[in-house]
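Here is a brief report on one protein model. Keep the sequence and the structure in view while reading.

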Amino acid sequence: MKSKHQAFSYTEILNITDNFKTIIGEGGFGKVYVGILQDHTQVAVKLLSPSSMQGYKEFQSEAQLLTVVHHRNLVSLIGYCDEGEIKALIYEYMVNGNLQQLLSVVLAWDLGVYSSQGIRFDFF
Ligand SMILES: Nc1ncnc2c1ncn2[C@@H]1O[C@H](COP(=O)(O)OP(=O)(O)OP(=O)(O)O)[C@@H](O)[C@H]1O
């Protein structure tokens, strides 16, 4: 994968995640772990599982999309690991969950589907 983002080795991923100590969640690509960079930035490390249904191509597409799209409402891709079988993406940590959840909220807000009490109506 060619990228202007930082390339991390597997050893660095192990250090960042403290040996994959804490799982934040799990998506179609595999498990997502909490990590801390050397400069103390908190990150989310998405590790591609070999048995992932979505697979490497989609994993690359997600990385490439975030490489070209920069928006204050989108999570930032910090780097990646592409060492043999080990494929991982390192994102800025988002307190409010993942990209998809945030996009839904932004979209819902744009469509005006929040009531005055802040209750969300799902149309999608
Ligand atoms: N940048 C992030 N910061 C904090 N938590 C995250 C981040 N990215 C993912 N997560 C957590 O990991 C979980 C899985 O995220 P992931 O993006 O892999 O899958 P998804 O979007 O839920 O599903 P899918 O992969 O099928 O689209 C999320 O539900 C969220 O809890």
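## Terms and overview

Two strands count as paired if DSSP finds at least two bridges between them. Helices and strands are DSSP runs, numbered from the N terminus. The model is predicted.

The secondary structure comes to three helices and six strands. From the N terminus, the elements run β-α-β-β-β-α-β-β-α. Of the 124 residues, 21% count as buried. Among contacts with a separation of 6 or more, 48% join residues 24 or more positions apart.

## The sheet

The six strands form an open sheet with mixed pairing. Their order is E1-E5-E6-E4-E3-E2. Strand E1 (6-7) and E2 stand at the edges. Each has a single partner strand, so one side of each has no neighbour in the sheet.

E1 and E5 run parallel and are joined by two bridges. Alanine 7 has tyrosine 80 in E5 as its bridge partner.

Strand E5 (residues 77-83) runs antiparallel to strand E6 (residues 86-92), and six bridges join them. Glycine 79 has isoleucine 90 in E6 as its bridge partner. Glutamate 83 is bridged to isoleucine 86 in E6. The two strands form a hairpin with two residues between them. Glycine 84, in the turn, has a positive phi of about 60 degrees.

Is E5 enclosed or open? Five of its seven residues are buried, so E5 is largely enclosed by the rest of the structure.

Strand E2 (residues 23-27) is hardly covered. The count of buried residues among its five residues is zero. E2 runs antiparallel to strand E3 (residues 30-36), and four bridges join the two. A hairpin links E2 to E3 through two residues. Within this pair, glycine 25 stands opposite valine 32 in E3.

## Around the ligand

Which residues come nearest to the ligand? Of the 16 residues around the ligand, they are Gly25, Gly27, Gly28, Val32 and Ala44. The elements that give two or more residues to this shell are E2 and E4. E2 gives the most, with four residues.

By type, the shell divides into eight nonpolar, six polar and two charged residues. It draws at least three residues from each of domain 1 (6-93) and domain 2 (96-124).

## Lysine 46

Lysine 46 lies in strand E4 (residues 42-47). In the unreviewed UniProt entry, the annotation "binding site" covers Lys46.

Is lysine 46 buried or exposed? The cut-off for a buried residue is 20 or more other C-beta atoms within 10 Å. Lysine 46 has 26, so this residue is buried. Lysine 46 touches Phe29, Val32, Ala88, Leu89 and Tyr91, not counting residues up to four places away in sequence. Val32 also belongs to the residues that come nearest to the ligand.

Most residues other than glycine have a negative phi. Which loop residues depart from this here?

Phenylalanine 20 has a positive phi, near 55 degrees. This residue lies in the loop between helix H1 (10-16) and E2. Phenylalanine 20 has 15 C-beta neighbours inside 10 Å, so it counts as partly exposed.

Histidine 40 also has a positive phi, about 75 degrees, although it is not a glycine. Histidine 40 lies in the loop between E3 and E4. The cut-off for an exposed residue is 12 or fewer C-beta neighbours. Histidine 40 has 6 inside 10 Å, so it counts as exposed.

## Glycine 55

Glycine 55 lies in helix H2 (residues 55-68). With 15 C-beta neighbours inside 10 Å, glycine 55 counts as partly exposed.

How far apart are the C-alpha atoms of glycine 55 and glycine 28? They are separated by 8.5 Å. Along the chain, the two glycines are 27 residues apart. Gly28 is one of the residues that come nearest to the ligand.

Key. Residues are numbered from 1 along each chain as its sequence is written. This is a predicted model: local features need pLDDT of at least 70, side-chain atom pairs count only at pLDDT 80 or more; totals for chains, interfaces and linings use all residues. UniProt positions are given in the numbering used here, feature names are shortened, and annotations may be inferred rather than shown by experiment. Two residues are in contact if their C-beta atoms, placed from the backbone, lie within 7 Å. A residue is near a molecule or strand if its C-beta atom, placed from the backbone, lies within 6 Å of it. Ala, Val, Leu, Ile, Met, Phe, Trp, Tyr, Cys and Pro count as nonpolar, Asp, Glu, Lys and Arg as charged, and the others, Gly among them, as polar. Domain bounds come from an automatic or database domain assignment.
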